[in-house]
Every structure is written in C-alpha cells, then in structure tokens.
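Subject: Structure handover and notes

Dear colleague,

I am passing on the structure we spoke about, with the sequence alongside. Please have it open while you read the notes below.

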Amino acid sequence: MLLAFKNHLKEQFPNVFEGKILLAVSGGVDSVVLAHLCREVGLDFSLAHCNFHLRGEESQGDEAFVMELADALEAEVFIEGFETQAYAKEKKISIQMAARDLRYNWFRELQETLQFDYIFTAHHANDNLETVLINFIRGTGLEGLTGIPDVNEFTIRPLLPFTRKHIEDYAHLQKLKWREDSSNDSVKYFRNKVRLEVIPKLLELNPQLLESFSKTRNYLQQSSELIEDYISALFPKIAKQEEYGYSFEISKLQSIPNTKAVMYSLFRSFEFTEWEDVYDLLESQPGKIVYSKTHRLIRDRDKLLLTLLLPTEDKVYEIKENEEVVMLPMGTFHFEAVEDFENSDPRTIFLDRDKIKYPLVVRKWQEGDYFHPFGMKGKKKLSKFFKDEKLSLPQKENCWLLCSNDKIVWVIGHRPDARFAVKDETKQILRLSYTP
C-alpha cells in the first residue's frame, strides 16, 4: 500500500511533497494509517485533533492517544475541544452536522493562521460508497452520485482510492495501534445504518461492489465535468453581469434544450433547493421570488435576476460643506464649482449652489418619498417614477438619494430634482459627479 500511496500522490498531487500539510487525526485506524504513510513518504505535516466531548472518557482517551501518536511521529500537534451539543442546539442542526462545521471551521482557521498549504483527511473508498448511497436514498443530482471529491479547495483526500480492507491490512502488517470509536457501532446514526446494514447486503449480491462503484464513479465524474464545461461555455452567452448580480433573459433560457437541467446546473452552486419553484419562475408573474440561504432569484418582466441576500441598509451619510471629494460605501461624490454647463452623463448633474443647504444627506429611498423630476412639471412619487422607468427590484433596492433639508436633490444615477436645477438667475453652478 505504501508504494501505491506514494505513486498516487506523485500522479495526482505532486505539489504536496513541497508543501506544508495539516493532517486531521481522530485516532481511528484510517487517520492513523494516513499519518504513518505521510511520514514514510517524507511529507511535512502536523496533526490536528478535535475533541467533540460526546463520549466522555472515551473522547479524552482519543485526545491522549493522538498526543502520544504525535510524539511517536515527531510531529507537531494541535488539539481543540468543542461544546458540540450546545452548538448543534444553537444552530438547530444534527450532532453530525455540528461536528462537521466545527471541525472544518477550525481547520480553515489553522490553515490561514499558520499558513498550511493543504489539509489532509482520511476518507477512503468505503466512506465514498456510503456517501453516494446516502445521497441516493435521500435524493440527489449527478454531483451527489459522484461522491466525495478528491480535492475541495485546499482539502485533499489521498486515501479515496483505497478500501477499508487495504487500510486495516496495512495497519495489521505494520503492527500499528489505533482507537475504536464505539459510536461507529450504533445504528441510530443514518450513516452507520447504511454501513452496517445496507452495504453488507449489497456485498452479498456483488462481492466486487467497491470495484464496480469505483468504475461507475469515474464515468459519472467524466459526465459531470462535461456538463460543467458546457455550462461554462453557455454562461457568458445567456448571463449578463449587473451591479446587483446577474440577469438571465427568459426567452434565451426557454430556447435552450433541456431547460430545467440547464437551470439546475446554473443555479445549484447558489444553494437553491426548491427546484420546482425555480423552474416555475419562467412562467410566473413578474415579482415572484425564490430564496436560497445565500441568494434569491427574482422574476422580472423578461428576465430572471440573481442577487445576493444582503442585510438591509438603513444607514444615513452626511456630506459637509466645502468637501470636494467624498467617499462613501456606495460610491464617490466629486463636487466642483464651474462657470457653465457641459455635456454630462446620468452620473453627473449641475446644481444651483445657493439652493443647497448643508449638510447634504445620502440615504436609501423610502415609501412615500417624492420629488420634482427634472424635465417634468409637478411632483412625482418615487415608487411611480421607478415603475415608469421600469427599474427592477434590485435596482430599486440599490437606489440612493441625495437630499438637502429633507428635499430630494438627486435620485442618484437616474434623475435630478428640478427645484435645484440651474436657471438663468443662478449665480453659482455646482457640478456633482458620482462614481459607483
């Protein structure tokens, strides 16, 4: 196994021989074997062990064992304890999910702080089969059937080509010691039920199950890569980058063969789960929204709009008199006294300086706001102005106002207010430009 492991690293991850590795060690046979293999091939690694405080004295014994292992391997070791049950209760997630979050958050923190190049975990072929079966039972797409990725950002799983039997045989041959996790024998956990009850039945039907699974997984990965290449080539043709995110023309989406499959591949990385609702957006009324944990898809008139979910911005900013350049979170304002007009774009306006009352205020628009649009007679509610201008929901949400003495001076980037416009009797002209 040692030679096969070294050749696997050379073929798939040659850079690890020059890198600094953080190796996750539970104390079980998988991670212990991985640690010994890494030492044998001469890698520069440190150990990291999580004590989730879920099994009393057994958890403490695992921690002590990992410290002894680090001494034997002459490796640096990091130990961290977690109140896993309290975290799971607070986040309203399962113990397994809580442990996973805590573990990987800590690994990333160590990696960033101590500048590790890679994180190694000891997932192997049996873990991969279990993951695929769990995904299949619960329902999944193609990516769920390809199993655990060999590489995920900086995390590498170098034991995925090897079975549990390979690992245990190596451990026995080398007379290694490890810890047994008693919770692995409990069928109250879904993964354990798959491991202890489902997979043995499948092995009875096909003793070469793991070999067959490995071939199938390779085929599925190739199909997945083909789809990714297709979506990467398609994306710039159907997506337009906007200030708020991306827009997708509905007519173009509908003209593509297998529209639902394309939409799934386009939007799955944005954590959407209610796929029928996503598909229904193509035929729904403007204004309908589908949310994920991080994003939202909005049905506009003839487009789908993809935006991040951002906290509501209620801040108000002041601009004092005689400031020439003002940098605010939404953009930069540049004030300049000029003698006369010149051609301008929507991000530049000219104001009667004597009509401005300081400090100026920059804020988001609110229901009930109105102004006197330049080029029109009388006043108009902003909500009606936005509707007439056919602004999308994200555009309205990202609209800022420049105000003077509670009066709107400028719907920034759209229309100035006529009450502050330059006229024949104007004595001082103020040029104001805005860069988002």
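This is a predicted model: local features need pLDDT of at least 70, side-chain atom pairs count only at pLDDT 80 or more; totals for chains, interfaces and linings use all residues.

I begin with the cores. The largest nonpolar core holds 34 residues, and those that touch the most other members are Phe5, Val16, Leu23, Leu43, Phe45, Leu47 and Phe120. At least two residues of this core come from each of α1 (2-12), β1 (20-24), α2 (29-40), β2 (44-51), α3 (57-73), β4 (118-120) and α8 (164-173), and the most come from α2, which gives seven. In soluble globular proteins, nonpolar side chains tend to be buried together.

Six strands form an open sheet in the order β3-β2-β1-β4-β6-β5, and their pairing is mixed. Because β3 (77-81) and β5 (151-152) stand at the edges and have a single partner strand each, one side of each is left without a neighbour in the sheet. Further in, β4 pairs with β6 (residues 155-156) in the parallel sense over two bridges, and phenylalanine 120 has isoleucine 156 in β6 as its bridge partner. Helix α2 packs on the sheet, where it touches β1, β2 and β4, and its direction makes about 160 degrees with that of β1. Helix α3 packs on the sheet as well, touching β2 and β3, with its direction at about 170 degrees to that of β2.

Two further items concern helices. The axes of α2 and α8 come within 10 Å of each other and cross at roughly 65 degrees, which means that α2 is roughly perpendicular to α8; the crossing is left-handed. In this helix pair, Val29, Asp30, Val33, Leu37 and Glu40 of α2 meet Ile167, Glu168, Tyr170 and Ala171 of α8. Histidine 8, in turn, has its place in helix α1; because its relative accessible area is 12%, histidine 8 counts as buried, and, not counting residues up to four places away in sequence, histidine 8 touches Phe13, Pro158 and Pro161.

Further along the chain, strand β19 (residues 400-404) deserves a look. Five of its five residues are buried, so β19 is largely enclosed by the rest of the structure. In a regular strand the side chains alternate between the two faces of the sheet. In β19, Trp400, Leu402 and Ser404 point one way while Leu401 and Cys403 point the other way, and all of them are buried. Strand β16 (residues 360-364) is joined to β19 by four bridges and runs antiparallel to it, with valine 361 standing opposite cysteine 403. Four bridges also join β19 to β20 (residues 407-411), again running antiparallel, and there the bridge partner of leucine 402 is tryptophan 410 in β20. The hairpin of β19 and β20 has two residues between the strands, and in this hairpin asparagine 405 takes a positive phi near 55 degrees.

Most residues other than glycine have a negative phi, and most peptide bonds are trans. Against that background, the peptide bond from tyrosine 358 to proline 359 is cis, with omega near 0 degrees, and proline 359 lies in the loop between β15 (348-352) and β16. Glutamate 271, which lies in the loop between α12 (259-267) and α13 (275-280), has a positive phi near 70 degrees, and at 40% relative accessibility glutamate 271 counts as partly exposed. Lysine 390, in the loop between α14 (382-388) and α15 (393-397), has a positive phi of about 60 degrees although it is not a glycine, and at 56% relative accessibility lysine 390 counts as exposed.

With best wishes

Key: Residues are numbered from 1 along each chain as its sequence is written. Side-chain values use heavy atoms; hydrogens and water are left out. A nonpolar core is a set of buried Ala, Val, Leu, Ile, Met, Phe, Trp, Tyr and Cys residues joined through side-chain atoms within 4.5 Å. Buried means under 20% relative accessible area, exposed over 50%, partly exposed in between (1.4 Å probe, protein chains only). Two strands pair if DSSP finds at least two bridges between them. Contact means heavy atoms within 4.5 Å. Axes are lines fitted to C-alpha atoms, for helices over the stretch in contact, and angles run from 0 to 180 degrees between N-to-C directions. Angles under 35 degrees count as roughly parallel, over 145 as roughly antiparallel, 65 to 115 as roughly perpendicular and the rest as oblique. A crossing is left-handed if the near helix is turned anticlockwise from the far one by less than a right angle, and right-handed if clockwise.
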